[in-house]
Amino acid sequence: MASINQNLSIRSLHLSTRSVNALKNYGVHRVKDLLTMPMFDLLKVPNLGAGSIAEVSGAIQALKTSLREEGDDYFFLDGQGYLHTDFILSDLALSNRCLRGLNSIGIYSLKDLVNSSLMDLKGIPHFGKTSLRELEDLLKKFKIIHFNQKGPLTAEGFASQFILHLNRALEKSSQALYRDLLVLSGKFLNDGSGPLTYLDILNQPKFLQEVYGLTSFKIALESHVLVQLRQNRCGLTFNQLEDLCPSLDGFGAFLQDLLVFLVQEKKILFHRGLYYPTFPSILSCLDIFFQERDRQLYQLRIQGFTLEEIGKEFKLSRERVRQIIKEMNDFLTREQIICQEDSYRYFIQNYDLSAQQFEKIFQDPLAYGYIQTRFNYPKGQGRPLKELFLDPKLPDYALDNLKSLLNSSYIQVEDDMVKKSKFVIHRYLLTRYALDQISFLDYFSIYKQFMTQHKLEGHPSLFVLPHNLMTKLSASKEILWSFGRKLRYYPFYSYDFSKLLKGLALDRYKDVEYSTRYFFTRHPQLMEAYDLRDEYELHNLLRKICPPEDYPQIQFLRMPNIRLGRGHRKAQMLELLDLHSPISSHDLARLYEEKYGVNRQSVIATYMKCLEPYYYKGVYDKEKKILPPEILKDFQGQVTEDFYFLQDLRDQFQEAYPHLDPGYINSRSIRQLGYKVYQDYCISTKYRYAQDFFRSILSKEAMYSEDRFSRKFWSLANVISNFYWLKKNFSIFHYDSTTIVNLDYLKSLGVSRQSLVSFLEAADPLLMNNRTFTIDDLKNHLGDEELCQKNLPDSFLAYLLEDHLDGICLDRFYSQGLIYRSSRHLSPEEFKNCRPLWP
């Protein structure tokens, strides 16, 4: 309202005694009370008759006229720096309901109305939409004095324009500053130098110096600085603050002095080149607002203690501790308590910082625990630490600490900062080198090269063995494995697999075992949509998205097979054999591949073992006879050897049971007897493989003659291959041309395996190609060898050389005692040209 002395008593208005007493009894004692009293309320004043009402009403009108004539407060400044003509609301065309509602909350003038909020108006009782619309129409009719007004510049015009200039930076200028500017600008306008423009006054250094000396200007700028610092709790430099303030000549020096004053008054803090708002620490807030027990409890929590540990300390349950901390946080929020540590909220909220990293960067041991206790920001969802390096809000001192942390915890790879962590390094390498399939060994080589290149070989936390790395990669959802230990990086978390599972419809398959190749070949569009490149990757992916707790009916077998329900390959093979017997192995494998998706080579190699009882000479026949139980038991007592030729077994059966069909001896019945059938022979099932039997029988006896076994036995390729394997491995030896001994026999003669190896190593460099020698010659040159000192036949040493040294030939010339070394057998003419090794 206007600036007339409204604190005077109403007696100063020279009203009648009756009117004065009636007004005082009604609560109207001063001029300002009378001015704010609605005309309608005069009718409510007891003992105030018609004459008195006319008298008081006339006095009020006279007061309003005098207010307008004073002129100083005829204008008021709004929040945007505009000047408005002020009015008493009772003089405006407002409804009685609207006027009474405004007066009820202390709004008597247009200035009061402009400065009130919409929430204040909506809170007036019985103040509806009609009343609000009435006020809205009124405010549209304001007379605004623009700073680019026509005619000579006035003090009001300059003050308004200057306030607008300030308010481009300041949120709001005070009324006091406007009044001071009116006086100051009036002095410069009336100095007799002629008409002046806005810029003429503003460019006078003396004018700005006087503005900087105004108390109201200092108060406005002080308020602005505090607001800016509270909005930027991470701190602002002097240059940043200057950019947020009005652009005036010489303002930097004024701002510097103001900041020094605010620091001295402890209204703001200056630390490491940054200005901060002054807030109490969290510990001070705890001391001020909370009791001793709650204060200690909260302090332990921000130091990192768990709820259980705090509960044990104070003999409280974990839930009660949580409730107390929540109540304290609610109080701090409700009372809008801001602590010094809140200046770090921006960094913890926006960056993925651990407590240790935060303390190393900002050197504040309690801030991280306090902010997480109060605001509980989710971890692992913020921006990576390396991006903090580029954040302009990061203080210089923290930037230095961050550089040290990054240098100790990160490595520079091209334009990227890679954390010294096995997980991060592997993710970096996989996303660059494993976007297509790569063998595990090749990837491990890349990892080792990376470690060597960046001098990380000795880093204990980064060392990993190949099998441990393979286990880690197998557990990762972002790695798909394929055949041959090939792997590929797969963006698992960027896919929604509901469509894949719906398309495969695994739940409609019951009690069956499939290869994922079956699904891969039948859903090519799904495979392309999910970037799956073979059945092995599909198997590996399904294993990741179908955990056993959610899909108990699915069993993931060795890649790429899956079992749905109780299905089993043996039952499936027998089912096919029932339908197609007799059938060749290749045709049966083809049928199984077509129905269940398993590669036919895999079927032949591993799936057909369960059909061995029905196999003979390349054909599976389920119709073969089996021995009756009583015949089976009797004949089992007669076949006691571990090895039989099939024909010998048939002859023995026919001799024992001449009245029975010889067809009873087939692959199926032989399996009943406890033998495994091979091409022309069978071996007891107590031997897992045929080679186990042959190696056992050939090396079992200490010494035996080759006649111990029949020529038919020696003609078997499996016998010959295992015989030479035993000789190469120093298990059996030719003692002479027809006698065979084992290593145990030689040990009984005092010959060790080491002495045999030593003899061969010594002889090998002496024996030259196409040069003849005798065993006696060799003994003479190797007389110190232990083997030469044993009483062993020359034939043993000759055959030992032939079996273990390349190119040693014992042919027709050995009958003369001569041995030679050559890449091939020599003809008689070539042999004649050979010179003795030792003449």
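Biologist: Which element gives the largest share of the lining of the largest pocket?

Modeller: In this predicted model, helix H30 gives the largest share, four residues. H30 spans 535–545, and helix H26 (466–475), strand E9 (479–482) and helix H33 (600–606) also supply at least two lining residues each.

Biologist: How many residues line the largest pocket, and which lie nearest its centre?

Modeller: The lining has 25 residues. Phe483, Tyr536, Arg558, Met559 and Pro560 lie nearest the centre. The space in this pocket is about 810 Å³.

Biologist: Why is Thr772 called buried?

Modeller: Its relative accessible area is 7%. Buried means under 20%, so Thr772, at 7%, is buried.

Biologist: What does Thr772 touch, leaving out residues up to four places away in sequence?

Modeller: Thr772 touches Ile819, Tyr820, Phe831, Cys834, Arg835, Pro836, Leu837 and Trp838. A contact here means heavy atoms within 4.5 Å. Thr772 itself is found in strand E23, residues 771–773.

Biologist: What makes E23 and E26 a pair?

Modeller: Pairing needs at least two bridges. Two bridges join E23 to E26, so the two strands pair. They run parallel, and Arg771 has Arg835 in E26 as its bridge partner.

Biologist: In what order do the strands of that open sheet lie?

Modeller: The order is E24-E25-E23-E26, four strands with mixed pairing.

Biologist: Why are E24 and E26 called edge strands?

Modeller: Strand E24 (808–809) and strand E26 (835–836) each pair on one side only.

Biologist: Why is Gln412 called partly exposed?

Modeller: Gln412 has a relative accessible area of 46%. Partly exposed is the range between the buried limit of 20% and the exposed limit of 50%, so a value of 46% puts Gln412 in that range. The residue sits in strand E6, residues 410–413.

Biologist: Which residues does Gln412 touch, not counting those up to four places away in sequence?

Modeller: Gln412 touches Met417 and His454. The C-alpha atoms of Gln412 and His454 are 8.9 Å apart in space, while the two residues are 42 apart in sequence.

Biologist: How do you know that E21 and E22 pair?

Modeller: The requirement is at least two bridges. E21 and strand E22 (residues 739–742) have three bridges, so they pair, in the antiparallel sense. Ile732 stands opposite Asn742 in E22.

Biologist: What sheet do three strands form, and which are its edge strands?

Modeller: The three strands form an open, antiparallel sheet in the order E20-E22-E21. The edge strands are E20 (703–705) and E21 (732–734), each pairing on one side only. Neighbouring strands of this sheet are turned by 25 degrees against each other on average, direction ignored.

Biologist: Which helix packs on the sheet, and which strands does it touch?

Modeller: Helix H39 (residues 717–728) packs on the sheet and touches E21 and E22. The direction of H39 makes about 95 degrees with that of E21.

Biologist: What pLDDT does the protein average?

Modeller: The average is 83, and 91% of the residues score at least 70.

Biologist: Where is the pLDDT below 50?

Modeller: Residues 68–74 are one such stretch, with 14 contacts in the model beyond near neighbours in sequence. Residues 143–150 also have pLDDT below 50, and that stretch has 15 such contacts.

Key
Residues numbered from 1 in each chain as written. Predicted model: local features only at pLDDT ≥ 70, side-chain atom pairs only at ≥ 80, totals over all residues. Heavy atoms only, no water. pLDDT = per-residue confidence, 0-100. Axes fitted to C-alpha atoms, helices over the stretch in contact; angles between N-to-C directions. Buried < 20%, exposed > 50% of the residue type's maximum accessible area, 1.4 Å probe, protein only. 1 Å grid on protein atoms, 1.4 Å probe; cavity = no way out; pocket = protein on both sides within 12 Å on 5 of 7 lines; lining within 4 Å. Points joined across faces, edges and corners; volume = space filled by probe spheres on them.
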